[in-house]
Amino acid sequence: MNKIEHIGIAVSDIKKAAGIYEALLNTKVYKTENVASEYVNTVFLQTGPNKIELLEATSAESAIAKFIEKKGEGIHHIAFDVDDIVTEMERLKAEGFILLNEKPKRGADNKLVCFVHPKGTNGVLIELCQEMR
Ligand code: ZN
């Protein structure tokens, strides 16, 4: 794995949260994207080399809705950048980690993604992401 690609934060009102994070980081949202397959709206902010993803549920079906219901707003996942997501998924599987999707899926921000179950990672949902080429 290369580096932390972004940190995902679950929010209940993305417009309000975007304003807060714009003020906090003193920068503007650079990307807004709906990921229909995941029932989420996302916005991205960048500060220095680091990215923050805010996620808002668009349906009660959304993992973000369930997360907020259970735990409230807050850090939802940490995403790591990888060069080859399939190889990395195979490696993690062999190490005994539980992958939440069998195949890479399309995530926000032009990425292929896979999530690793927080049960095997001390309670932290991990996202692998590979830039789509
Ligand atoms: Zn993410």
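Me: Two strands count as paired if DSSP finds at least two bridges between them. With that settled, which residue in β8 stands opposite Phe80?

Reply: In this predicted model, Phe80 faces Leu128 of β8. Phe80 itself belongs to β5, where Ile4 stands opposite it.

Me: How many bridges join β5 to β8, and do they run parallel or antiparallel?

Reply: There are 5 bridges between β5 and β8, and the two strands run parallel. Strand β8 covers residues 125–131. Another bridge partner pair here is His77 with Leu125 of β8.

Me: And what about β1 and β5, parallel or antiparallel?

Reply: Those two strands are antiparallel, with 7 bridges between them. Ala10, for instance, has Gly74 of β5 as its bridge partner.

Me: What does the whole sheet look like, in strand order?

Reply: The sheet is open and has 8 strands, arranged β2-β3-β4-β1-β5-β8-β7-β6 with mixed pairing. At its edges are β2 (31–35) and β6 (105–106), each of which pairs on one side only.

Me: Changing topic: which residues coordinate the zinc ion?

Reply: The zinc ion is held by His6 and His77, each through NE2, and by Glu53 and Glu127, each through OE, at 2.0 to 2.1 Å. Along the sequence, the spacing of these donor residues is H-x46-E-x23-H-x49-E.

Me: Why does the pair His6 and His77 tie together separate parts of the sequence?

Reply: His6 sits in strand β1 (residues 3–10) and His77 in strand β5 (residues 74–81), so the pair links parts that are 71 residues apart in sequence.

Me: Are they buried or exposed, His6 and His77?

Reply: His6 is buried, because its relative accessibility is 4% and the cut-off for buried is under 20%. His77 is likewise buried, at 1% relative accessible area.

Me: What is the geometry of the zinc site?

Reply: The site is irregular, with angles of 82 to 172° among the 4 donor atoms. Four donors count as tetrahedral only if all angles lie between 85 and 135 degrees.

Me: Back to β8, then. Why is it described as largely enclosed?

Reply: Of the 7 residues in β8, 6 are buried, so the strand is largely enclosed by the rest of the structure.

Me: What lies across β7 and β8?

Reply: Helix α3 (residues 85–94) lies across β7 (111–116) and β8, and runs at about 150° to β8. The strands β7 and β8 pair in the antiparallel sense over 6 bridges.

Notes:
Residues are numbered from 1 along each chain as its sequence is written. This is a predicted model: local features need pLDDT of at least 70, side-chain atom pairs count only at pLDDT 80 or more; totals for chains, interfaces and linings use all residues. Side-chain values use heavy atoms; hydrogens and water are left out. Donors are N, O and S atoms within 2.8 Å of the metal (3.2 Å for Na, K and Ca); water is not among the atoms, so sites may look incomplete. Four donors count as tetrahedral if all angles lie between 85 and 135 degrees; four count as square planar and six as octahedral if opposite donors are over 155 degrees apart and all others between 65 and 115; anything else is irregular. Helices (H or I, at least four residues) and strands (E, at least two) are DSSP runs, numbered from the N terminus. Buried means under 20% relative accessible area, exposed over 50%, partly exposed in between (1.4 Å probe, protein chains only). Contact means heavy atoms within 4.5 Å. Axes are lines fitted to C-alpha atoms, for helices over the stretch in contact, and angles run from 0 to 180 degrees between N-to-C directions.
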